[in-house]
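This briefing concerns the packing of secondary-structure elements in the structure shown below.

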Amino acid sequence: MVRINVLADALKTMHNAEQKGKRQVLLRPSSKVIVKFLELMMRHKYIGEFEIVDDHRAGKIVVNLVGRINKCGVISPRFDIKVRDVEKWVARLLPSRQFGYIVLTTSYGIMDHEEARTKGTGGKVLGFFY
């Protein structure tokens, strides 16, 4: 079976494992986008440490869960967002302004919506987590 969206599969696997109360989850295959998304989640303390396992194929990632993810997902297609439109997307995707993040891919790399707003750059929406 061919995987269409690797990031969507990884986030759905993490969300399902979190709902079942698991402490660890195995994500495969690995990609640079998944690693950057996980680094962003780890920086905001939504997940614990993660380890990339190189199996000389597509790779695997073992993620330690801390029980803080309520929902995470991918926005497909990857819509373009200008800096002035970020607030509309925050209101549309997140339950509250106090918590949760929208992940954007910009010319400066993959970052959350707050960092993109401070840098004054827009980009394409990858996904969200809260």
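The model is predicted, and local features need pLDDT of at least 70, side-chain atom pairs pLDDT 80 or more, while totals for chains, interfaces and linings use all residues. Residues are numbered from 1 along each chain as its sequence is written, and side-chain values use heavy atoms, without hydrogens and water. Helices (H or I, at least four residues) and strands (E, at least two) are DSSP runs numbered from the N terminus.

**The helix pair**

- H1 and H2 pack at about 40°, and their axes are 9 Å apart; axes are lines fitted to C-alpha atoms, for helices over the stretch in contact, and angles run from 0 to 180 degrees between N-to-C directions.
- Their crossing is right-handed, that is, the near helix is turned clockwise from the far one by less than a right angle.
- H1 contributes Val6, Leu7, Ala10, Leu11 and Met14 to the contact, and H2 contributes Val33, Ile34, Phe37, Leu38 and Met41, contact meaning heavy atoms within 4.5 Å.

- Three strands in the order E1-E3-E2 form an open sheet with antiparallel pairing; two strands pair if DSSP finds at least two bridges between them.
- E1 (24–27) and E2 (47–53) are the edge strands, each with a single partner, so one side of each has no neighbour in the sheet.
- On average, neighbouring strands of this sheet are turned by 20° against each other, direction ignored.
- H1 (residues 6–20) lies across E1, E2 and E3 and runs at about 160° to E1.
- H2 (residues 32–43) also lies across E1, E2 and E3, at about 155° to E2.

**Strands E2 and E3**

- E2 is joined to E3 (residues 60–65) by five bridges.
- Glu51 has Val62 of E3 as its bridge partner, and Phe50 stands opposite Val63 in E3.
- Six residues lie between the strands of this hairpin, where His56 takes a positive phi near 60°.

**Helix H3**

- In H3 (residues 86–93), Val86, Trp89, Val90 and Leu93 are buried, meaning under 20% relative accessible area with a 1.4 Å probe, protein chains only.
- These residues line one face of the helix, because they fall within an arc of 105° seen down its axis; the arc is that of the directions from the helix axis to the C-beta atoms.
- Lys88, Ala91 and Arg92, on the other side of H3, are exposed, meaning over 50%.
- The cover over the buried residues of H3 includes E5 (80–81), E6 (101–106), H4 (113–119) and E8 (123–129).
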